[in-house]
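Colleague: Before I use this model, I would like to go through the terms in its description. Please set each value against its cut-off.

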Amino acid sequence: MGNNCNTTVITGVLKGDKPHIIVDPGHISNEAGEECLASLEEGMAADHIKIDDVGLIINTHSHPDHCQSNELIVNRSGASVTLSKEEDDFRNTIGNRMYTMFGMKPPHFTPLFFLKEGGVDLGKDGFKVQVILTPGHSPGSICLYLPDTKILITGDVIFYMSVGRTDFPGGDTLTLKKSIEKLAGLDVEYLVPGHNTEPNGIIRGKDMIKRNFAAVQMFF
Ligand SMILES: [Zn+2]
């Protein structure tokens with residue numbers, strides 16, 4: 001009913017005894033009073049995935065509806081956290097205002113390392129993620145591209161037939177336009193946006209994704 005981001009869990013890819021990656025764990029509880037983290041945990045449990053086995057949290061950006069749960073998950077599982085340096089600088093300065101605006105306490109966490117543009121080998125068996133810096137919605141927004149499965153996780157850069165807002169602190173429409181141009185050329189089978197704007201929250205198939213890029217590029 002209320003607002004929360006889409007969370008992606010990439011299972012069994014990290015070395016060690018905490019093999020799961022969680023991308024954007026979202027709100028603890030939202031403006032409608034819904035227990036978002038508890039609901040995520042329930043959904044994961046249905047797939048036999050435990051929060052305690054999460055070894056890494058990746059934040060596409062630092063807005064409250066994407067990373068409010070970071071601190072609690074770190075406390076529970078000892079997970080490391082990563083995001084871009086640009087976004088970490090933002091959240092430690094004006095980004096903090098977003099939390100005050102929504103009457104929330106910012107989560108306390110220290111990133112273990114920063115994600116930079118390019119390929120990063122995060123796990124065992126050559127699990128590779130391509131990090132794409134895509135500022136505009138937030139100054140250090142990133143997208144994640146998984147080349148083996150052709151999955152693109154976009155955070156709030158792109159939605160189903162829509163784009164992320166640029167009127168929050170640090171947002172910029174022209175920058176968002178350039179970021180989307182950067183993504184449009186990728187070979188994508190599954191586009192996972194930062195919020196549910198269609199049933200199931202995933203845009204499937206090259207043709208549909210191409211149409212989606214064409215539609216959102218008309219916004220600019
Ligand atoms: Zn956002």
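**Arg-91 and its surroundings**

Modeller: Leaving aside residues up to four places away in sequence, Arg-91 touches Ser-62, Leu-83, Asn-96, Pro-107, Phe-109 and Pro-111; a contact means heavy atoms within 4.5 Å. This is a predicted model, in which local features need pLDDT of at least 70, side-chain atom pairs count only at pLDDT 80 or more, and totals for chains, interfaces and linings use all residues. Residues are numbered from 1 along each chain as its sequence is written, and side-chain values use heavy atoms, with hydrogens and water left out.

Colleague: Why does Arg-91 count as buried?

Modeller: Buried means under 20% relative accessible area, exposed over 50%, and partly exposed in between, with a 1.4 Å probe and protein chains only. Arg-91 has 12% relative accessibility, so it counts as buried.

Colleague: What makes the pair of Arg-91 and Phe-109 a polar contact?

Modeller: A polar atom of the Arg-91 side chain lies 2.8 Å from the backbone oxygen of Phe-109. The term covers a pair of N or O atoms within 3.5 Å; within protein, one must be able to donate a hydrogen and the other to accept it, and residues adjacent in sequence count only if both atoms are side-chain atoms. Arg-91 itself is in helix H4 (residues 85-91); helices are DSSP runs of H or I with at least four residues, strands are runs of E with at least two, and both are numbered from the N terminus.

Colleague: Why is strand S3 called largely enclosed?

Modeller: Five of the five residues of S3 (residues 54-58) are buried, so the rest of the structure largely encloses this strand.

Colleague: What makes the β-α-β unit of S2, helix H1 and S3 right-handed?

Modeller: With the strands pointing away from the viewer, the path from the first strand over the helix to the second runs clockwise. The unit of S2, H1 (residues 36-46) and S3 is right-handed in that sense.

Colleague: How many helices and strands does the protein have, and why is it called compact?

Modeller: There are seven helices and 13 strands. The radius of gyration is 16 Å, close to the 17 Å from the globule rule for 220 residues, so the protein is as compact as a globular protein of that length. The radius is taken over C-alpha atoms, and the rule is 2.2 Å times the number of residues to the power 0.38.
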